[in-house]
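Here is a short briefing on one protein chain. Look over the sequence and the fold, then read on.

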Amino acid sequence: MAFIKHISTYIPEKVISNEEISKKFPDWESDKILGKIGIRNRNITGEDEFTSDIAVKALNKLVEEYQLDKSSVDYLIVCTQSPDYFLPATACIVQAQAGLNTTCGAIDINQGCSGYIYGLSLANALIDSKMMKNVVLITAETYSKHIHEDDKGNISLFGDAATATLISEDGDYEILKFSVGTDGEGAKNLIVKNGAVRNQKTEDKEDKDNYLHMNGPKIFDFTSKAIPGLVEENLKKNGFEKSDIDTFIFHQANTFMLDFLRKRINIPQENFVIDMLDYGNTVSSTIPIAFKNSFTTRDSKNVMLVGFGVGYSWGAVCLRKNN
């Protein structure tokens, strides 16, 4: 068995408020932003602050907050879609900068809003198979660097953040069975087309293919069709009824979508966590941030985590508190 033992988070210092966005886009009023997507503030990295930097900060917070012995970490997974370089893996940079042992395995996974679930599934397999004892899963995204300066919608929605989760042979929450899925037909609806090998990034600052493109209606349609069935399938796989779960934590995409899904799936409001008011959509970090914050306000016994988005990809897992 594998358990989530500890979670630490790192939020960059620079805050962008709705009022600041409204000053730049006068037709996009601050109250309208809050009402439409449920976000008041979001934090972004500085010009000289990159994914490995915030990943190391999250890892160091994990070490400091829980007196973790770095030499005990035998595998590092970094989930990111904004890596420092094509190569090497960002995880290798983090291993060196954080001072982890050279006997520690280190890999990247390129996933977004379902990335925490996918990362947990890999960590769970490493622990459950007895290959490793202590795996650190880092989620770290700097999507702000993918967004065009005139894209008011995505500027309003996304924030940067990093988290570090220790998965071990013991801990507070037992990781149960996973459900995952993929439909690459939706890849074009959330994409940065230029900048890798197939399409080189151009010098034209107005070339929108150099930046993040999101087809919001298509993403919403995918989510509304895929997620209710995913929740039911994973509950059944783990032998739970919906009423057995006291805390549902979905990827914090936007509050309108979350409220739609909650009602569609018929989850009681008091059991459904929405926690993005002052973070925004931090991609793979939304679930661990919301889960970590819930520790101070909730005594969760059975938890369901659900991720979905870019790819398209999706995943769900149930957790059971270890008494």
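Ile219, Phe220, Thr223, Ser224, Ile227, Pro228 and Val231 of H7 meet Phe256, Met257, Phe260, Leu261, Arg264 and Ile265 of H8. By class, this contact of H7 with H8 has 10 nonpolar, 2 polar and 1 charged residues. The model is predicted.

**Helix pair H7 and H8**
- The two helices, H7 and H8, pack at an angle of about 40 degrees.
- The axes of H7 and H8 are 10 Å apart.
- The crossing of H7 past H8 is right-handed.

**Nonpolar cores**
- The largest nonpolar core holds 45 residues.
- Ile227, Val231, Phe248, Phe250, Met304, Val306 and Phe308 have the most contacts inside this core.
- Elements giving two or more residues to the core are helix H2 (30–37), helix H6 (152–157), helix H7 (216–237), strand S11 (247–250), helix H8 (255–265), strand S12 (302–309) and strand S13 (313–321).
- H7 supplies the largest share of this core, 7 residues.
- Another core, of 30 residues, lies apart from it and includes Ile7, Leu120, Leu137 and Ile167.
- Phe308 touches residues beyond four places in sequence, among them Phe222, Ile227, Phe250, Met257, Leu261 and Trp314.
- In soluble globular proteins, nonpolar side chains tend to be buried together.

**Thr139 in strand S6**
- Thr139 sits in strand S6 (residues 134–141).
- Thr139 counts as buried because its relative accessible area is 0%, under the 20% cut-off.
- Its side chain makes a polar contact of 2.5 Å with the side chain of Thr163.
- A polar contact of 2.8 Å links the side chains of Thr139 and Ser285.
- Beyond four places in sequence, the contacts of Thr139 include Cys79, Tyr116, Ala161, Ala162, Ser284 and Pro288.
- Thr80 is 59 residues from Thr139 along the chain, yet their C-alpha atoms are separated by 6.3 Å.

**Helix H4 and its cover**
- Thr90, Ala91, Ile93, Val94, Gln95 and Ala98 are buried in helix H4 (residues 90–98).
- Their cover includes helix H3 (51–65), strand S4 (75–79), strand S5 (105–109) and S6.
- Just after H4, Gly99 takes a positive phi of about 80 degrees.
- Pro88 lies in the loop between S4 and H4, and the peptide bond from Leu87 to Pro88 is cis, with omega near 10 degrees.

- Asn189 lies in the loop between strand S8 (173–182) and strand S9 (190–192).
- Is Asn189 buried or exposed? Asn189 counts as buried, because its relative accessibility is 9%.
- Beyond four places in sequence, Asn189 is in contact with His213, Met214, Asn215, Lys218, Ile219 and Tyr312.
- Tyr312 lies in the loop between S12 and S13.
- The peptide bond joining Gly311 and Tyr312 is cis, with omega about -15 degrees.

**Positive phi outside glycine**
- Lys130 has a phi near 70 degrees, a positive value in a residue other than glycine.
- Lys130 lies in the loop between helix H5 (115–128) and S6.
- At a relative accessible area of 62%, Lys130 is exposed.
- Asn266 has a phi near 65 degrees, also positive in a residue other than glycine.
- Asn266 is in the loop between H8 and helix H9 (286–294).
- Asn266 counts as exposed, at 58% relative accessibility.

How values were computed. Residues numbered from 1 in each chain as written. Heavy atoms only, no water. Helix = DSSP H or I, 4+ residues; strand = E, 2+ residues; numbered from the N terminus. Buried < 20%, exposed > 50% of the residue type's maximum accessible area, 1.4 Å probe, protein only. Contact = heavy atoms within 4.5 Å. Polar contact = N/O pair within 3.5 Å; in protein donor to acceptor, adjacent residues only side chain to side chain. Core = buried A, V, L, I, M, F, W, Y, C linked by side-chain atoms within 4.5 Å. Axes fitted to C-alpha atoms, helices over the stretch in contact; angles between N-to-C directions. Left-handed = near helix turned anticlockwise from the far one by under 90°. Nonpolar A, V, L, I, M, F, W, Y, C, P; charged D, E, K, R; others polar.
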